[in-house]
Amino acid sequence: MKISQLLDIKPGLTALIGGGGKTTLMYTLARELSETGAVIVCTTTKIYEPENIPVITDNSVKEIKAALDRHRLVCTGTRAGEEKLSAPAVGFDELKSIADYVIAEADGAHRLPIKAHADHEPVIPDGTDKTILVIGADCFGRPISDIAHRPELFADIAGVGVSSVVTPDIVSRVIKREGLGDCLYINKVGNEKNLQNARQLARLLDMPVYAGDLKKGEYLCLR
């Protein structure tokens with residue numbers, strides 16, 4: 001099954017938040033969905049300009065729509081230096097009106113697999129139809145200080161020390177206390193140990209939980 005089917009991505013605006021793996025998930029979803037509809041990818045924070053996807057900057061609705069008519073999948077945003085893009089100049093309601101699917105990376109994690117959110121995070125656009133929280137299974141068994149973005153905040157929310165080793169229970173505490181996301185996707189579940197940790201985490205949560213390996217294209221529903 002495709003990851004877009006497993007996550008039940010419907011037409012509209014989908015926001016991706018949390019730890020590392022968001023960008024890969026965004027482009028994987030986008031390519032799958034572009035087989036049946038017009039797709040825009042973008043960010044509310046900053047992303048690197050993608051390769052092999054047309055990038056529309058300093059844009060207007062007319063320019064983006066014309067690009068979609070030609071390519072079915074485009075990335076739009078405002079140039080932010082160092083080959084990076086920030087949020088598009090066109091509003092998200094307007095983007096939703098010209099594309100079947102809009103997928104926005106709405107968080108930053110410095111490529112670390114887990115994170116805690118400061119007061120200004122995540123940057124979820126108004127009108128978002130679905131928010132997917134992402135973590136990497138490579139967080140388990142490693143110290144919070146080494147593997148979390150905002151480690152002191154993560155440890156404080158979990159009620160443990162910053163040198164504590166990450167367990168499914170610790171991650172579940174942070175997810176439940178932050179209360180972010182409509183569902184959870186656990187990436188890098190490529191071996192039995194990571195799968196066991198992912199299953200244990202799913203049992204501790206009251207939300208849909210999916211897992212898989214984006215590089216291998218293997219996915220499953222855990223809850």
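**Pockets, cores and a central strand**

The largest pocket holds about 830 Å³ of space. Here a pocket is an open set of points on a 1 Å grid over the protein atoms alone, with protein on both sides within 12 Å along at least five of seven lines; a cavity is a set where a 1.4 Å probe fits but cannot get out, and lining residues have an atom within 4 Å of a point. Grid points are joined across faces, edges and corners, and a volume is the space filled by probe spheres set on the points. This is a predicted model, so local features need pLDDT of at least 70 and side-chain atom pairs count only at pLDDT 80 or more, while totals for chains, interfaces and linings use all residues. Residues are numbered from 1 along each chain as its sequence is written, and side-chain values use heavy atoms, with hydrogens and water left out.

So who sits around that pocket? Its lining has 31 residues, and K22, T23, E105, H110 and R111 are the closest to its centre. (Helices are DSSP runs of H or I with at least four residues, strands are runs of E with at least two, and both are numbered from the N terminus.) Sorted by class, the pocket lining has 9 nonpolar, 11 polar and 11 charged residues. In this sorting, Ala, Val, Leu, Ile, Met, Phe, Trp, Tyr, Cys and Pro count as nonpolar, Asp, Glu, Lys and Arg as charged, and the others, Gly among them, as polar.

The structure also holds 1 cavity of 30 Å³ or more. The volume of the largest cavity is about 100 Å³, and its lining has 8 nonpolar, 2 polar and 2 charged residues. Among the lining residues are I135, F154 and V171. Helix α7 supplies the largest share, 4 residues.

Two of those names come back in the largest nonpolar core, where F154, V171, L184 and I186 have the most contacts among its 34 residues. A nonpolar core is a set of buried Ala, Val, Leu, Ile, Met, Phe, Trp, Tyr and Cys residues joined through side-chain atoms within 4.5 Å. A second, separate core has 27 residues, including A30, L85, Y185 and L214. Back in the largest core, V171 is in contact (heavy atoms within 4.5 Å) with I135, C139, F140, F154, V166 and L201, leaving aside neighbours within four places in sequence.

Next comes strand β2 (residues 39-43), which is mostly covered, with 5 of its 5 residues buried. Buried means under 20% relative accessible area, exposed over 50%, and partly exposed in between (1.4 Å probe, protein chains only). V39, V41 and T43 point one way from β2, while I40 and C42 point the other way. In a regular strand the side chains alternate between the two faces of the sheet. Strand β2 runs parallel to β5 (residues 73-79), joined by 3 bridges, with V41 partnered by C75. It also pairs in the parallel sense with β7 (residues 101-105) over 5 bridges, where C42 stands opposite A104. Two strands pair if DSSP finds at least two bridges between them.

Finally, T57 belongs to strand β4 (residues 55-57). Why does T57 count as buried? Because its relative accessibility is 16%.
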